[in-house]
Structure formats: structure tokens, C-alpha cells
Amino acid sequence: MDKRMAPQVIGIASGKGGVGKTSVTTNLAVALAKRNHRVMIMDADLGLANAQIALGVHAPFNIGHVLRGEKKLQDILVTTSQEVILVPGASGVRDLAALPSDQIHGIVRAFDDLDMPLDYLLVDIAAGISPAVLDFLSACQRRVVVVCDQPSAIADAYGLIKVMASEQNLDEIHLVTNMVGNSQLGRQLHRRMNDVCMRFLGVNVHHLGSIESDELMLQALLLIKRGGHPLELEGLIAPAVRAQFSPDNQAEIEEQLRSQIEEIRDMKAKLMGSEKERQQIQETFARHKETTKLYFTELMSILQSRQSSEAKLE
């Protein structure tokens, strides 16, 4: 790693899977890249990696090739269309899901050999409290726990915070409340969790922000997984992790948005159709790619600044 300016290393984890950890990581990376920061994601969910899917890229090599000595870390890097550098993990490789500590430390040391300036290194860590998870979290400067308002997710997030604070003596623990109904519900969830952490652990967990549930995220990922043209994720950055934007021509934008969103929803309805229909969807989506990116970015700003816009888009 370029020693002239060491990057901020932020680990993003969760107590259980399915709470949107990878979506938070990738969108945060895109948001930072849009602000002209140099950002790298390491997909440290080594056995079940999926950051490349969320970013819409193909990675021919992954961290497993590095561990086997077949490639150097520099050789497996992939730069996405959003100007985010990805260190791909492997998916469906059981041995990588349970690496011993010495190999985890070897991965961390491999970053010292990278000759490139970085501002942020985001580490997308597997869910749970396995030794590999804790080793990666220990190597980070800051730790972000993603949680949603579900009993099992809350219990497991607390368990992860407890292990980090009480057994690993780690600090700089932050919370992102994801997939909540609104920001107030997100703050309430944080208060409930923080009260328990303060009472039983003596730890104050900082609230980084709330991310509201958004069907557009699911639609975008569905299009990518079905082989459609990848939707640029900067159009789906939620309020807690994106730059503020105040459009001047809001009425015109909203009218254009109605047309764009209706077309996307129509695409989703046809996804289960024939191969010919899917090809038409890809061509249509590609044709509107640039405008859709802009409109979605502005949509998220409108939804935050004026709640009435949400009713108009239904």
C-alpha cells in the first residue's frame, strides 16, 4: 500500500446475513467515489462473496488464487464502471469460509505490497462471529455493524458488538440501521440497541444513519442477476450514504421519473418471459442507462427532501 497516505480502513459486518451489509458497502463505496475519493472494496466474505454481483462486474480471479500462490493481489483487482476497485472474494468455496488466523493475517499483509494511493478501504466482512470475522474486524480502524428491525438480526448484532467490545477490546463501533420504514424508526432502533449496549457492556455505539427500504434496490439487483444491463448503483444510494442534491427543476424531474420508473417496472414484469423479451429489456435499459442513472439519483434526493413526492410516484 502507498505509505504516503494510508487509507481509512472500515470494516462492515453484521450479526446475521440478509440485512443488506453488501448493499451498504457497495453503495457507500460508490458514494465516496462520486466525491472523488479513491476507494477499494475487499470482499472478505470469502466463502460466499457477492460484492461483484452488486456492482455488476465479472471477476475472473479472486482471493483464493492469491492464497494458493497462483496470483498476486494486484493481478485480481477489478475496477468497476463506478471507479471502485474491487478485491473479489470467492463464492461456494468451503475452505475459504474458515481460514485460520495466519492466512487472514497473510491477506492483510498482502495489501502492503499494493503500490496505489487509496483514501478508503472498505472491508465487506462475513456475517457472524467466526474467528475469521473477528480477525478482519481487528485489522480495521473503524467497525460498522448493519442491522435491520428483526428480532434475530437485533440479537445477533448485539452478540457481535458484545464480542468485539468485551472479548476483543475493539472500539470505534458504529451502527447503520437498514431497511427501516423511515429515519425516525431507524433512530428508535438505534436507541433501543444502544441502551442495551450501554447497560450491559458499557459501550456507546454511534449511529451513522438510517437507510429506508426501497423497492428500486431490489429491482436493480434483480435485473443484474437476470442478465440485464447493470443499473449503476450510484442511482440507488440511500440518504445515509450519499451526497445531498437539491434539484431546481423538480416538477420536470418528477414527470420524467414517472415515465422511467414505469418502464423499469414493466421490465421487471417481463423478466420471466422469453429470451427474446429479455434481450429487448437489455436493449431498452441500455438505451436509457444514462438518463435513468441521473433520475434515480435525483429521485432519492426528492424522497428525502419532500415526502409528498413518494405519494406521487406510487
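Visitor: Is Glu70 buried, exposed or partly exposed, and what is its relative accessible area?

Guide: A friendly reminder before we start: this is a predicted model. Glu70 is partly exposed, with a relative accessible area of 46%. That label applies because the partly exposed class lies between the buried limit of 20% and the exposed limit of 50%.

Visitor: Which residue forms a salt bridge with Glu70?

Guide: The partner is Arg68, and the closest N and O atoms of the pair are 3.1 Å apart. Arg68 itself is exposed, as its relative accessible area is 51%.

Visitor: How many salt bridges does the structure hold?

Guide: There are six salt bridges in the structure. To read one, look for a side-chain nitrogen of Lys or Arg within 4 Å of a carboxyl oxygen of Asp or Glu. Take Arg38, which forms a salt bridge with Asp119, with 3.1 Å between the closest N and O atoms. This pair links distant parts of the chain, 81 residues apart. Arg38 sits in the loop between α1 (21–34) and β2 (39–44), while Asp119 sits in the loop between α5 (101–110) and β5 (120–125).

Visitor: Are Arg38 and Asp119 buried, exposed or partly exposed?

Guide: Arg38 has 35% relative accessibility and counts as partly exposed. Asp119 has 15% and counts as buried, because buried means under 20%.

Visitor: Where in the chain are Arg142 and Glu172?

Guide: Arg142 forms a salt bridge with Glu172, and the closest N and O atoms are 3.9 Å apart. Here too the pair links distant parts of the chain: Arg142 belongs to strand β6 (residues 142–147), and Glu172 to the loop between α7 (151–167) and β7 (173–180), 30 residues apart. Arg142 counts as partly exposed at 30% relative accessibility, and Glu172 counts as partly exposed at 33%.

Visitor: Now for a lysine. Which helix does Lys21 lie in, and is Lys21 buried or exposed?

Guide: Lys21 lies in helix α1. Its relative accessible area is 7%, so Lys21 is buried.

Visitor: What joins the side chains of Lys21 and Asp124?

Guide: The side chains of Lys21 and Asp124 are joined by a polar contact of 3.0 Å.

Visitor: Which residues does Lys21 touch, not counting those up to four places away in sequence?

Guide: With those left out, Lys21 touches Ile12, Ala13, Ser14, Asp45, Asp124, Ile125, Ala126, Ala127 and Val146.

Notes. Residues are numbered from 1 along each chain as its sequence is written. This is a predicted model: local features need pLDDT of at least 70, side-chain atom pairs count only at pLDDT 80 or more; totals for chains, interfaces and linings use all residues. Side-chain values use heavy atoms; hydrogens and water are left out. Helices (H or I, at least four residues) and strands (E, at least two) are DSSP runs, numbered from the N terminus. Buried means under 20% relative accessible area, exposed over 50%, partly exposed in between (1.4 Å probe, protein chains only). A polar contact is a pair of N or O atoms within 3.5 Å; within protein, one must be able to donate a hydrogen and the other to accept it, and residues adjacent in sequence count only if both atoms are side-chain atoms. Contact means heavy atoms within 4.5 Å.
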